[in-house]
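Subject: Handover of a structure and findings

Dear colleague,

Please find below the structure that I am handing over to you. My findings follow it.

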Amino acid sequence: MKSKTVKLASRVERVKPSFTLEMASKAADMRSQGIDVINFSVGEPDFNTPEHIIAAGKAAMDDGYTKYTAGPGMIELRQAICEKLKRENKLEYRPTEILVSNGEKQSLYNACQALFDKGDEVVVFSPYWVSFPEFVRLADAEPVLVNTLPDKQFEADFEDLENKITSAIKGVIVNSPSNPTGGVWGEEALIRLLKIAALHDWTIISDECYERLIFDGEFISTEKLNRDHNIGARVITCMSLSKTYAMTGWRIGYAAGDQTIIEAMSKLQGQATSCANSIGQRAAIAALTGDQRPVEEMRLQFKERRDLMVKLLNDIPGVSCAVPGGAFYTFPNFSEYLGKKVNGKVIQDSFDLSDYILNSESVVTVPGDGFGAPGHIRFSCATDKETIKRGLSKVANALEKLT
Ligand SMILES: Cc1ncc(COP(=O)(O)O)c(C=O)c1O
């Protein structure tokens with residue numbers, strides 16, 4: 001039967017596909033052909049979920065937690081989140097100010113849907129996590145890209161921000177520690193952003209999914225600074241179990257903030273996915289209230305890998321890599337290699353460079369252009385030290401052949 005041409009909604013056109021997934025599928029294709037691929041594109045911990053959390057997931061099924069839960073999340077989990085926010089972040093919240101989602105990604109998406117409309121603008125700092133501009137576009141709003149300072153942990157370039165302020169801006173998304181840069185903003189920069197947001201009545205969406213992966217110094221939540229300094233900004237804090245507890249597949253994240261906004265997000269979520277999965281929610285209670293030593297063990301391993309990776313990258317001629325203060329990515333600058341040639345073909349941008357490294361040495365990386373950062377490439381530390389050494393020596397090898 002002849003199929004008719006499908007007319008898709010315009011939002012499908014407006015949204016970009018996830019190119020990080022494209023790199024991962026290229027790698028999978030090569031692996032299936034028996035090629036020894038080294039994958040630096042991974043956006044999740046390579047560790048398994050700690051055993052006591054897995055046990056709680058199994059017990060949840062045996063104990064009958066296999067049904068829908070309350071839309072905003074089981075009350076026991078929202079209470080555990082409130083206790084966690086008090087214990088770790090020194091923030092007091094009530095369960096009615098918490099929304100549990102299918103991963104933090106859904107909380108971030110819900111927040112944009114609940115807060116922004118057609119004609120609104122939302123500040124997104126560049127380099128950005130690929131989903132931020134897309135969340136904004138999916139809410140029919142427009143992202144306003146603002147530069148950051150690579151020498152200062154990719155904190156905002158406030159001059160650029162001030163120059164781009166318009167009355168259409170309704171919000172700002174900040175992500176510290178950051179994906180893709182690993183940059184961690186200092187208190188001063190966060191306070192400055194909070195004051196600008198309060199002055200212009202913007203809502204800050206603070207993505208703090210890497211809060212427990214800080215290598216130098218202490219993590220301070222944006223909302224904590226807001227309260228301590230009586231700034232009066234409106235902050236929706238979004239957090240995740242994914243990275244902290246190596247639970248990416250369980251899909252549990254949450255948002256904390258103003259009850260009116262949380263209720264609006266919950267209303268939208270209720271019509272999209274009803275609630276987060278019940279087994280994951282039970283496991284999340286065990287994660288938040290149980291033994292925290294595995295979190296520290298993973299953090300220490302990521303720190304060692306970060307140090308090794310930064311050193312080996314900086315050893316490659318023409319490559320410069322700032323030391324990321326958190327998360328599990330390095331974001332070196334390869335600009336010196338742009339414009340060079342291989343077999344008569346010019347390497348125009350970081351997409352070409354990543355592709356060349358993949359095709360010549362079977363090393364998967366993520367090109368910075370996709371994060372709004374030409375010349376950069378993202379390397380994930382979610383792989384063991386031997387693989388890091390082997391992979392980066394292959395990268396050096398590939399670069400040496402460029403003329
Ligand atoms: C910056 C950032 N925010 C949010 C998420 C999503 O986390 P979750 O697995 O909780 O949806 C990720 C995952 O890669 C991320 O890097």
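A residue is near a molecule or strand if its C-beta atom, placed from the backbone, lies within 6 Å of it. By that rule, 13 residues surround the ligand, and the closest are Gly103, Glu104, Lys105, Ser240 and Ser242. Sorted by class, this shell holds 2 nonpolar, 8 polar and 3 charged residues. Here Ala, Val, Leu, Ile, Met, Phe, Trp, Tyr, Cys and Pro count as nonpolar, Asp, Glu, Lys and Arg as charged, and the others, Gly among them, as polar.

This is a predicted model, in which local features need pLDDT of at least 70 and side-chain atom pairs count only at pLDDT 80 or more, while totals for chains, interfaces and linings use all residues. Residues are numbered from 1 along each chain as its sequence is written.

Cysteine 238 belongs to strand β8 (residues 234-240). Helices (H or I, at least four residues) and strands (E, at least two) are DSSP runs, numbered from the N terminus. Is cysteine 238 buried or exposed? Cysteine 238 is buried, because 26 other C-beta atoms lie within 10 Å. The cut-offs are 20 or more such atoms for buried, 12 or fewer for exposed, and partly exposed in between, with C-beta atoms placed from the backbone. Beyond four places in sequence, the contacts of cysteine 238 include Glu104, Ser107 and Leu108; two residues are in contact if their C-beta atoms, placed from the backbone, lie within 7 Å.

Isoleucine 377 sits in strand β15 (residues 377-380). Isoleucine 377 counts as buried because it has 28 C-beta neighbours inside 10 Å. Proline 332 is 45 residues away from isoleucine 377 in sequence, yet the two are 6.0 Å apart in space, C-alpha to C-alpha.

Asparagine 39 is part of strand β1 (residues 38-39) and is buried, with 21 other C-beta atoms within 10 Å. Setting aside residues up to four places away in sequence, asparagine 39 touches Ala27, Val364 and Thr383.

Finally, I turn to a pair of helices. The axes of α3 (residues 51-62) and α11 (residues 278-289) come within 8 Å and cross at roughly 140 degrees. Axes are lines fitted to C-alpha atoms, for helices over the stretch in contact, and angles run from 0 to 180 degrees between N-to-C directions.

Yours sincerely
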